[in-house]
Amino acid sequence: MENSQELTALLILPLLGSLLAWAVPKASQRLYALFISAIHFALAIFIASHASLGHGAGLEQNLPWLSDLGVQLQLRMDSVSVWFILLSAFISFVVLGLKGTWYRRNTQLFTSLSFFLIFALNTAFLSTNLIVFYLAYEAVFIPMILMVGIWGSNAKAASVFRFFLMSFFGSILMLVSIFYLSYLHFVKTGSFSTNLSDLVVLTTDPNISLSWCFLGFFLAFAIKVPMFPFHGWLKEVYVNAPTPATIWMSSILSKLGIFGFIRFISPLFMSSLIEFQGVLLALAAFSVIYAAFLAIQAKNPKALLAYSSISHLGFVMLGVFSLSEAGKASAIILSVSHGLTSAVLFYLLELVEERQEGISLDRYSGLAKSYPLLFTCLFIGVLASLSLPGTFNFVGEFLVLLHAYPVSALCTILSGLGVIFGSVYMLKFYQRLGFGTAEVEVVKDIAGFDLVVVVLILSMVVYFGFQPAIFMGGMN
C-alpha cells in the first residue's frame, strides 16, 4: 500500500459542503450543490487515477484518534473501495441536479443533508477500522431518515419507522460483535484493536469460535442490501421517499451492504462463510426469484423498480457467496452496473411523473407518443436492466453466473431464471407507461440538463458493456 495524504480530502470536501450550504442563498442552492458535487466527482477521479489497483495495492492513510482503545482513522482506496467511491460521487452529482420540492422547501437543509450523506458514505467505503466504519454506517441513516420524513409522501412515518427499526437492530448486533472481537484481541495481545488487519490475524485462530459474531455482521449487511427475508422495509421506503433519496438508496446505500460483505465479512469470517455457503447461495438465488415475482405483481412503478433492485442484488450476492476472488470481482462489476441502471430508471420515472401524476401499472398511460425522446431513453434503460448483450449489466450478470456455476449449478440455474422473469416485469413496466390510447396533456419532452445526464449514464452503460476492461483489469 502506498501512503497518501489525499484520501482525507474526500471526507473534508463534502463535510465543508454540508456546512457552507447554510451560507448560500436559497435560490442558488441547486447551482451550489451541482458545483460542489462536480468538484467532488473530479477529486474522486483524480485520486483514483493515482491509485495502483493491482492485488494488495492502493492508497492508504492512517491518522491517530483513540489509540488507547485501538481506534484509528485508517483509510484505504484499493480495487474494492475505488469503484464504490467513484459510483457514489457520480450518482451524487446526478441526484443533486434533479429538480423537485426539495429545492423549494427547506432547500438549505436538503443540500446540507446531501453532502453530509456523501461524507458518511466516503468514510464508510474508505475505512478499514471497524469502529470508524460503524460510526459512518450509522451516520448514513440520519440524512436518509430526515429526507424521507420531510420530503416524503403518503405513509412516510410508518415506512421511516420500519426502515430505522430493522437497520438499527442489525447495526447494534454488528457493534456488539466488534466489541467482542476487540476484547478477544485484548485477551490475546494485551491491547485493544478494531483495525481490520489486526482482527484478521485473530480470526484465523481455529480455536476461537466466531459464528455468532458472523451472524451479527451478516444481519447488519443483509438488511442493508437487502436480501430475503430482510427486505420488508424496502418497498414502502422506496415508494414514499423523494426521488433523490430513492436513487441514493437503490444505487449507493444497498452497495454499502455488499461492500461490507466483501471488505469485512470475507476476511474476518471465511470459515463461517464456507460452513454456511450452501444456505447463503440458496438465499441469494431465492432473492432473485422471489423479488422478480413481486415485481411482476407490482401496481406502482416505484414498487416494481424496488423489487427489481432486490432481484438484481440477489445476483450480486450470488457472486459474493461463490467465495472466489473472481466471483467477488464480478459482484463489484454488477454492483456498479446496477447502480448506474437503477439511477437512470428512477431518474426517468421522476421525469415521467412530473408530466403525468398518478401513473399506475393497472392501466396503459399512453405517454410514449407524447414524449418520444424521453421514452426512447427509458427503453434503453429497460434494455440495460434486462441485461441485454452489449450493456454493462450483461457483463456483470454473465460473469457472476460463470463463477457461481462451479460452486452450485442448481442455484446458478435458478438465478438464471431471474433474467427471464426480469424481461416480463420490465417490459410490462415500459408497455404500461408508454403505450395505450389515453389522452395526455403534453408539457415538453426531456431536454436540457436532464437530457445530458440521462444520455451520459446510458452512454456509460453501453460503453462499459463493450469495454469492461477498465474494471476487470483493475480487479485482477
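1. Leu165 sits in helix H7, which covers residues 156-189. This is a predicted model, and the points below should be read with that in mind. Leu165 has a relative accessible area of 46%. Since buried means under 20% and exposed means over 50%, Leu165 is therefore classed as partly exposed.

2. How far apart are the C-alpha atoms of Leu165 and Trp233? The separation is 9.1 Å, although the two residues are 68 residues apart along the chain.

3. The loop between helix H9 (211-224) and helix H10 (234-240) contains Pro226. The peptide bond that joins Val225 to Pro226 is cis, with an omega of about -5 degrees. As background, most peptide bonds are trans.

4. Pro229 is also found in the loop between H9 and H10. Which form does the peptide bond from Phe228 to Pro229 take, cis or trans? That bond is cis, and its omega is near 5 degrees.

5. The next two points concern backbone angles. Most residues other than glycine have a negative phi. Leu323 has a positive phi, near 65 degrees, and is not a glycine. Where is Leu323 found? Leu323 belongs to the loop between helix H14 (301-320) and helix H15 (325-355).

6. Ser387 is a residue other than glycine with a positive phi, here near 60 degrees. Its place is the loop between helix H16 (372-385) and helix H17 (392-404). Is Ser387 buried or exposed? Ser387 has a relative accessibility of 8%. The cut-off for buried is under 20%, so Ser387 counts as buried.

7. The second largest pocket holds about 600 Å³ of space. Its lining is made up of 24 residues, and those closest to the pocket centre are Ser153, Thr243, Lys302, Glu350 and Glu353. Which element gives the most to the lining of the second largest pocket? H15 does, with three residues.

8. The make-up of that lining can also be described by residue type. Of the residues that line the second largest pocket, ten are polar, seven are nonpolar and seven are charged.

Definitions and conventions:
Residues are numbered from 1 along each chain as its sequence is written. This is a predicted model: local features need pLDDT of at least 70, side-chain atom pairs count only at pLDDT 80 or more; totals for chains, interfaces and linings use all residues. Side-chain values use heavy atoms; hydrogens and water are left out. Helices (H or I, at least four residues) and strands (E, at least two) are DSSP runs, numbered from the N terminus. Buried means under 20% relative accessible area, exposed over 50%, partly exposed in between (1.4 Å probe, protein chains only). On a 1 Å grid over the protein atoms alone, a cavity is a set of points where a 1.4 Å probe fits but cannot get out, and a pocket is an open set with protein on both sides within 12 Å along at least five of seven lines; lining residues have an atom within 4 Å of a point. Grid points are joined across faces, edges and corners, and a volume is the space filled by probe spheres set on the points. Ala, Val, Leu, Ile, Met, Phe, Trp, Tyr, Cys and Pro count as nonpolar, Asp, Glu, Lys and Arg as charged, and the others, Gly among them, as polar.
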